[in-house]
Amino acid sequence: RKTFRQIWDLHKRIPFIQIAGPVMLPLTSFLKRSLPSSSKFVDKKMDTAVITSRQGFLQNTTQNLLKDVDSYKSQVAARSTEVVDSSTTSSTGTVQAGLEKVCGLLITGLVIAKNVSSLVTMIMNMHYTLTKPITKNSVLCCIELIQLLKTIECMFHEKEEVFATTSSHLIQQLSLKVLNCIETLKKKLTQDKRYSDSSLDIIAAINLIEHCMNGCCSA
């Protein structure tokens, strides 16, 4: 019961989970469908609290929407300038530094695009699920966010030659960063003289990830 409550309370921070594209699933609905015995743990107060929490989340998201749009605009504008000036050779003339810069721009662009897309999907789905009318300002903000997504797409299309010719090198750069993070985590876990079952499982998973990510990107 305690574990179920802890998972159930996640809806306060994550009211919906994005499955794929515009498809989103409420966490509480998933728990009810997946656990037939969940009716023993869920009462009317909990159901009412879920609805109230969703409405409050939507209200806060809508109120901060204009600020979010301005923030994403400034981020896209700053990254657009960097992408236009990007090349495989840095100002210091080293190829490795140039690749790291291009790799960073690619990751940043993908993260911004993902966040913007998730925000638009969240707003549209929550209005539909809660049967709340969407305001004119929210519609205009969503249109601006979609325009930002198209801007990011066009921005990368203009430099598709750079990304296409260096795609294998970019994958190697990303793999190296992931492997370095994994190596740090592995050292911390292997410092203990006694291993619990969970620690052994984590170490085995880390070894599997290292095996999969080692070697060339086409392996």
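The largest nonpolar core holds 24 residues, of which Leu-65, Tyr-72, Ile-112, Leu-119, Leu-145 and Ile-152 touch the most other members. A nonpolar core is a set of buried Ala, Val, Leu, Ile, Met, Phe, Trp, Tyr and Cys residues joined through side-chain atoms within 4.5 Å. Buried means under 20% relative accessible area, exposed over 50%, and partly exposed in between (1.4 Å probe, protein chains only). Two or more residues of this core come from each of α4 (65-84), α5, α6 and α7 (160-165). The most come from α5, with nine residues. Helices are DSSP runs of H or I with at least four residues, numbered from the N terminus. Another core, of seven residues, lies apart from this one; Leu-27, Val-42, Met-46 and Val-50 are among its members.

The model is predicted: local features need pLDDT of at least 70, side-chain atom pairs count only at pLDDT 80 or more, and totals for chains, interfaces and linings use all residues. Residues are numbered from 1 along each chain as its sequence is written, and side-chain values use heavy atoms, with hydrogens and water left out.

Leu-65 touches Leu-119, Ile-123, Ser-138, Cys-141 and Leu-145, not counting residues up to four places away in sequence. Contact here means heavy atoms within 4.5 Å.

Helix α6 (residues 136-158) gives the most to the patch, with three residues. Ile-134 is placed in the loop between α5 (95-129) and α6. This residue is partly exposed, at 31% relative accessible area.

Glu-210 belongs to helix α9 (residues 197-213). Its relative accessible area is 13%, so Glu-210 counts as buried. Leaving out residues up to four places away in sequence, Glu-210 touches Leu-179, Ile-182, Glu-183 and Lys-186.

The count of disulfides (pairs of cysteine sulfur atoms within 2.5 Å) comes to zero. For Cys-154, the nearest cysteine sulfur is that of Cys-142, 20 Å away. Cys-154 is partly exposed, with a relative accessible area of 44%. Cys-181 is exposed, at 55%.
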